[in-house]
Amino acid sequence: MLFKNTPSPHIKDNSSVQNIMLMVLYGLIPGTLAAIYFFGWGILFNLSIAISTCLLTEAIILKMRQREVAPTLLDGSALLTACLLALALPSLAPWWLVVIASFFAIAIAKHLYGGLGFNPFNPAMVGYIVVMISFPLEMTLWTQPMGVNSGWPDFITTFNWVFLGLLPFGETIDSLSMATPMDLIKTQLNQLHDITETRNSAEYSPLFSGISGTGWQWINILFLAGGIWLIIKGVIDWRIPTAFLISLVLISNTFSVIDYSTNSSSLFHVFSGGTMLCAFFIATDPVTASTTPQGRWIYGASIGALVYIIRDWGGYPDGIAFAVVLMNIAAPLIDYYTQPKVYGDLDR
Amino acid sequence: MSMMNTVNGATMHNMDKPLATFNGGLHPSEHKYLSTSTGISTLEQCKQYIFPLQQHIGAISQPLVKPGDKVLKGQMLAQPGDMISAAIHSPVSGLVTDIKPHEIPHISGLTDLCFFIENDFKNEWIERQPIGDEYNQSTSSTLRKIIRDAGIVGLGGATFPAAVKQTEVNVNTLILNGVECEPYITCDDVLMRERAEQVLSGAEIISHIIKARQCIIAIEDNKPEAIKAIGQVIKKDGTGFFQIKVIPTVYPSGSEKQLIKIITGKEVPEGRYPAELGVLCHNVATAYAVHRAINCAEPLISRICTITGHGIKHPQNIEVLIGTPIQSCIEHCGGYTDNSDELIMGGPMMGFSLNTDTLPVVKATNCLLATAYKAELETVTKKRQHLPCIRCGRCVDVCPVRLLPQQLYWYASSKNIDRLKQHHLFDCIECGCCAYVCPSNIPLVQYYRFAKTTIHQQQREHKASDIARQRHEANQARKEKIKREREEKLRKKREMLKNKAINSKNTNSKTETSKDNKKAVIAEAIARAQAKKATRDKTT
């Protein structure tokens, strides 16, 4: 008998931070596979550059902060940040863009604030916003999705462009890339072509197969599936995605009913861009989200509203990153004002 | 509505409605089978017994015997020190050898004054006069006095003096707590299995004292045998006074407030007593002790204790005399296994580690749990690293009080006392659910305990410094007043002199020299003296 002395409780379930992060990564797999299928090598390059930069940055900074490297590196949080960032960045992003975004996410947005658990803003989204504001042109470089024209470029072409900035002889980057449906609708609207016209035009109609654009709808559907699996497994909270999607559907539906020629339908909003990735994997980041049951409804719904506002009236192709970071700012306040009534508190 | 019910105390809780639930809770592995395969065994008597003077919540007991005194079995060793306090009795006949500080089972490993009794193995009882079935003719206060003098405290673990709780005001329902939600512990389970009749007899007595009109026995659905045993006695009784409520197994449904929520659907208002809802809650073991006190005139000198865990060779329930060294209990159960590593008093969720087994069994000792390295199914916290909080909110989901443990942790780490109070730190029941589910392995309860004691300490210091400041200020004020008064006096004196000088100056303005002045003064004095003389002459 050793007579050890430990505080109560003396037993513990098997949950761990590492386990949670791994589960979230598993949940990402179906949507990621779809992204690779529709957008090609670029997604894989993004993933590998982001993962190696994030892990390396994390290790170096932990060393600089004189913390133990192994336990934190293995908790999987940097890996998850890298994957989310890689999936948000365009498939023809040059390597340095991914490196800058990854470095910024880990070094500035995460560790300068104290590392895991102390970062007020979602690191992946901060990294995304930095490159979005600094390099707007590069941020539109998506390949043509599989099934549209010639589809995505082969390995060599993609490699040459991403790592060396070289293009096949006589071609411009415009012949490799293509705007996302969401971006396209926005630029066409600016040129006074309404949504129906854009969707039915000979040039762009292949991009709009199905409800919300070739490729994008499948990516979103699979992220949705992964997200539902995570909710069933109890890894992420169901309130934030539910509130986010309900709010986005209600608002977009209201506007498209008022004027369907300039406002996309709610189905388009829900299944295009980064909607599902945001709903289940980004907005649910526990560190930066609201944690009270009531607060999570407010938090999710507000992100939905902001996403719509930025998509419809803002200048950026998608509003996810800004909406999430704006609500990250509000999360502590929401938490404070949505404290649940404690047991026996009958009159408050 | 609820206030109406409680004020007149007339409305009974409708017990046919479905059970309510409280927020959160857990389902940890029970491990109860370990200690329920055999019945209650009795421990052979030991040579020496040790009794801490404080085995209950409230004031320390006052010793009635001194070293060298001979005591009988059941003799009171110490009387209640205050209203909220309990008596202590000798479980054997023998000799008081000493009263000195000794280590007691305490979360901080404190020492406290203890009686040391040497057993003479004669088992000579004090004179006993059981009341038995005549308790019906006794008044509540008489019975309460007997219970108080029998040293009965809440045996579920809280050790609050039982008689103090048994108020007659507004209570119409007695809830008998046979829930026993902590993993491993089975002492209430086997008590109900083997002594159901006596438990209900105790409940009847308590109901008579508090004038309850119904008694509900709450048992978790993982104790079918206890449910059966109690059910049979109720059937035999046939008055409909007793009701059994089988509640779902969720930790911590055995906590008084959570149990009341389950049974009545109502929450005990913050800072109030369950009587507000017309209910009183007692543990089944307490009811059994009341039965012994009234029907056998036997004070609380023994209890049933679960000796269990994978670190014990033959886990079982034993009926043990209070004051028995823990060592003897463990030996009775075959001793420790080779890989045992921690001895815990109480359950694995809320119990605390003991540094040694030379401590005595006290009234609160419902379980002694010896854990074994790697043998437990659930990972034991101590082997895992503590990572930063990722605010996943799992703790919020399981908190039975609906607190925000992650916020409390944040504010406890930053010692933000105002925020801790705003987030209801003092409503925390320290059940450990939050720490159990925490993926970062943060010992949350420990943080809350520390924050609570820090705040208490600060409040005490605040009070002391307030008093000191008040005294200082009063002292300053007094000094100031004296100074002011003195200055005022001086000023008046000075003014007087000055006035005098001016007056004399005025009257002598014509005479220029000081000599003339003096002369004038002298003349004046003479004149005054003459005038005085004249008046004196006149009067005489």
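# Close-up views

**Helix H4 (187-194), helix H8 (284-295) and strand S13 (302-308) of chain B each contribute at least two residues to the lining of the second largest cavity.** The model shown here, as in the other views, is predicted. The second largest cavity has a volume of about 160 Å³. Its lining is made up of 16 residues. Those nearest the centre of this cavity are Leu155(B), Tyr288(B), Leu300(B), Ser302(B) and Arg303(B). H8(B) gives the most to this lining, with 4 residues. Sorted by class, the lining of the second largest cavity has 10 nonpolar, 1 polar and 5 charged residues.

**The largest cavity has a volume of about 430 Å³.** In total, the structure holds 6 cavities of 30 Å³ or more. The lining of the largest cavity consists of 29 residues. Nearest its centre lie Ala88(A), Trp142(A), Gly273(A), Gly274(A) and Asp318(A). By class, the 29 residues of this lining are 20 nonpolar, 7 polar and 2 charged.

**Helices of chain A that line the largest cavity.** At least two lining residues come from each of helix H1 (17-39), helix H4 (77-88), helix H6 (123-134), helix H9 (181-190), helix H11 (216-232), helix H14 (275-282) and helix H16 (320-337). H11(A) provides the largest share of the lining, 4 residues.

**A nonpolar patch lies on the surface of chain A.** Its members are Trp41(A), Leu44(A), Phe155(A), Ile156(A), Phe159(A), Leu164(A) and Leu166(A), and together they have about 620 Å² of accessible area. Helix H2 (41-64) and helix H7 (155-164) of chain A are the elements that give two or more residues to the patch. H7(A) gives the most, with 4 residues.

**Ile156(A), one of the residues of the nonpolar patch.** Ile156(A) is part of helix H7 of chain A. With a relative accessible area of 54%, Ile156(A) counts as exposed because that value is over the cut-off of 50%.

**A cis peptide bond runs from Ser8(A) to Pro9(A).** Omega of this bond is near -5°. Pro9(A) belongs to the segment before H1 of chain A. Helix H1 (17-39) is also among the elements that supply at least two residues to the lining of the largest cavity.

**Tyr251(B) and Pro252(B) are joined by a cis peptide bond.** Here omega is about 0°. Pro252(B) is placed in the loop between strand S11 (242-247) and helix H7 (256-264) of chain B.

**Glu180(B) has a positive phi.** The value is near 45°, and the residue is not a glycine. Glu180(B) sits in the loop between strand S9 (173-178) and H4 of chain B. Its relative accessibility is 8%, so Glu180(B) counts as buried, the cut-off being under 20%. H4 of chain B, at the end of this loop, is among the elements that each supply at least two residues of the lining of the second largest cavity.

**Ala297(B) is a residue other than glycine with a positive phi.** Phi of Ala297(B) is about 50°. The residue is found in the loop between H8 and S13 of chain B. Helix H8 (284-295) and strand S13 (302-308) each give at least two residues to the lining of the second largest cavity.

Notes
Residues numbered from 1 in each chain as written. Chains lettered and ligands numbered in written order. Predicted model: local features only at pLDDT ≥ 70, side-chain atom pairs only at ≥ 80, totals over all residues. Heavy atoms only, no water. Patch = residues over 30% accessible without salt bridge, like charges linked within 9 Å, V, L, I, M, F, W, Y side chains within 5 Å. Areas by Shrake-Rupley, 256 points an atom, 1.4 Å probe, with all protein chains shown as cover. Salt bridge = Lys/Arg side-chain N within 4 Å of Asp/Glu carboxyl O. Buried < 20%, exposed > 50% of the residue type's maximum accessible area, 1.4 Å probe, protein only. 1 Å grid on protein atoms, 1.4 Å probe; cavity = no way out; pocket = protein on both sides within 12 Å on 5 of 7 lines; lining within 4 Å. Points joined across faces, edges and corners; volume = space filled by probe spheres on them. Nonpolar A, V, L, I, M, F, W, Y, C, P; charged D, E, K, R; others polar.
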